[in-house]
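Student: I am new to this structure. Can we talk through its aromatic rings?

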Amino acid sequence: MTHHHLTDDPHPHDVVRVFIGEPSSIDPSNGFEHDGALLLRFLADPLVDYSPDTGEARPAAAESWQVSPDGTSIDFRLRPGVRFHHGREVTAADYVYSLSRVVRPATGSKLAYHLAFVEGFEAVREGRADTLSGVLALDRHLLRVRLQRPFHEVASVFGHRVTAAVPQELADGDPEAFRVQPVSTGPYRVVRPWAPGLGLTLERFAGYHGANGAFPDGGGGHVERLEFRIYDDVEQAYHDWHQGKLDVVKVPPARIAQALPLGESFRRTPCALMQYVGFPTEVAPFDNPAVRRAAAMAIDRQSVIDTAFSGTRPLAQRILPPALTGDDRSDLTGVRYDPAAARDLLAREGVEPVTMEFRYNAGLGHDAWVNSVIDQLNTNLGWHVTPHPMVWPEFLAWLKHADTLFRMTWAIDYPSADNFLYPLFHSASIGSSNYTRYHSADVDRLVSEARATGPAQDRRKLYLEAEAQVCADLPLLPLWFGVQYHLVNLDRFTVNGPVVDIFGEPVLRSFRHRS
C-alpha cells in the first residue's frame, strides 16, 4: 500500500486534502501518535485549547477555570450549548465518565498516564474502582478535578484531546462502532466509519458551539470537508502535491532545498519538539555519564543538519525548545564536536570499544541521518554500531524496554516545560516515555517542587534547574529542535492567522476556500 484516495476529482469543491500516515486510533482516549492526534484536533474540543501561535491556554468547551491556591484542585465552568455530534448537550457528568474511561484498563489507552495526577487514578487503573474519585460533577455545568499532589500547570493538560468528552451511550453502547466512528465535541465529525488504509473524511458539524477562545473566529472551521489521505511514503505524497492531488503535505528532508523557492506555499515553522539520540542508561558502558558525553562529542550534529536538512534545523544545546523558552541560544549541554577529546575521555574511563545496535523507525526520512551518526561513532571512536531499522509499532513497543542506542523525537502534548521534563526524565515515567530509564533524585525533587509552586516565575526557575541537571547528566543527546516543513496550496485557500501551529500541525480550522 502506498496511498489511497477517497476522491480523485483534481479540484473537489470546498474540501482540503491533507497528507497523513495511518493512524493507530481515532478515539480521543487513545490518539497517542501524530496522525491520530492530528485528526482529533478537529473531532474533539477539549475544555481548554491552545492559541496556534503561542500555545497559550484559552477557554474552549469550558468558559473558565480556577486552580485552587494550593494547586490540588481545578474547577471548570462548562460552556452551555456545547453538543456532541449526535446532538446531545455535554454536561459535567460526561467528563466524569470520559476521564474515568481513559484510565480504565479495558479501554487500553496509551495516554492514561496524562491523568496519573488525578485522585483515584490507581484504584481505577488497577480495576478496584470504575470511576475516578477525584472527578466530580458539582452541578450540570461545574466540574471539579481533585489532584493527588499539587500541580499548578494542570489547566494545560486539559487541552490534550485525551481529556475531551465522549458520550457514554455510544462509547459503551457499541464500542466497536465507536472505535471506527467516534463522536465528540469538535467542529468536524466522522462521515463514514474509518477503515484502515482508506483515509478519513470529516465534515463540518452544524451544531458546533463556535466559541473556542484559541481562534479569533471561534474555531468552527470554514471548509465543508477535511479529507485525510493515507500515505506510507512521504515522497509519493510530495509528488502528488505537485500533481494537484493534495493541498497540504510535509516536505521530505531531501526535498527542502528544492521546495525553498516555492515562496509562500513553502512553510517553515519552528515547533516545540526535540530530536534526540537516546542512551540506555542502565546498560554498561552507558550507565557512566562520561561515556555518554564522549559519544555526544563524537557526533558532528551541525554537519548532519547541513547534510540531511540543508542547514535548516536549529542545533539543540538544551532540552526545552525555543517555542517554550523564547530562547534558542542557551548552551546547557556544553557538548562540542571533538573526537580526539572524546577518545581521551574513554581512554581515561578505561572503556573498551562498544558493540551495539542503533534502533530507529524506518521510512520516515530518518534513515540517512541515522546512518551518518552511526558512521561518525564508528569512525571517531572505533566502535561497532550497526543500524537496526524497525516498523513504527514495533519500535514503539521496543522503546518501553530499550537496551541499545536509539533515535526518538519528543513533541509536546501540551505547551509546558513540565511536559518535556516529567515524561522524559522523572523516574515515575520509566516504563512509559522515559525511554533512557534515567533516574536522578535531584531531578525528581525539582520537578515535583516546580509542580507544587504557585507563582509562575518561581515555578519556571525550578523547571530550568531540573533541565540544567539533566543536561549535565546527558541521558540523551539533543540533536536539533523542531522545524516542520509543509507545502500548502495557497492558490485554493486563504488562511487567517498562522498556517502551521506551535505543534507543527496545519491550522485547518483557519483555511478558507478562495471563491
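Tutor: Start with the rule. Rings of Phe, Tyr and Trp (its six-membered ring) pair if their centres lie within 6.5 Å. This is a predicted model. By that rule, the count is 17 aromatic pairs.

Student: What makes phenylalanine 279 and phenylalanine 286 a stacked pair?

Tutor: Their centres are 5.6 Å apart, and the angle between the planes is 15°. Pairing needs centres within 6.5 Å, and planes under 30 degrees apart count as stacked. So the pair is stacked. Phenylalanine 279 and phenylalanine 286 are both buried.

Student: Why is the pair of tryptophan 392 and phenylalanine 395 called tilted?

Tutor: The centres lie 6.2 Å apart and the planes meet at 40°. Under 30 degrees would be stacked, over 60 edge-to-face, and the rest is tilted. Therefore this pair is tilted.

Student: Where do tryptophan 392 and phenylalanine 395 lie?

Tutor: Both are in helix α14 (residues 392-399). They sit three residues apart, about one turn of the helix.

Student: Why is tryptophan 392 called partly exposed?

Tutor: Its relative accessible area is 28%. Buried means under 20% and exposed over 50%, so a value in between is partly exposed.

Student: How do you know that phenylalanine 395 counts as buried?

Tutor: Phenylalanine 395 has 0% relative accessibility. The cut-off for buried is under 20%, so phenylalanine 395 is buried.

Student: Which residues do ring pairs link into a cluster?

Tutor: Tyr276, Trp392, Phe395, Trp398 and Phe406.

Student: What lies over the face of phenylalanine 309?

Tutor: Arginine 313, at 3.9 Å from the ring centre. Arginine 451 lies over the face of tyrosine 422, at 3.9 Å from the ring centre.

Methods
Residues are numbered from 1 along each chain as its sequence is written. This is a predicted model: local features need pLDDT of at least 70, side-chain atom pairs count only at pLDDT 80 or more; totals for chains, interfaces and linings use all residues. Side-chain values use heavy atoms; hydrogens and water are left out. Buried means under 20% relative accessible area, exposed over 50%, partly exposed in between (1.4 Å probe, protein chains only). Helices (H or I, at least four residues) and strands (E, at least two) are DSSP runs, numbered from the N terminus. A charge sits over a ring if NZ of Lys or CZ of Arg is within 6 Å of the ring centre and within 35 degrees of the ring normal.
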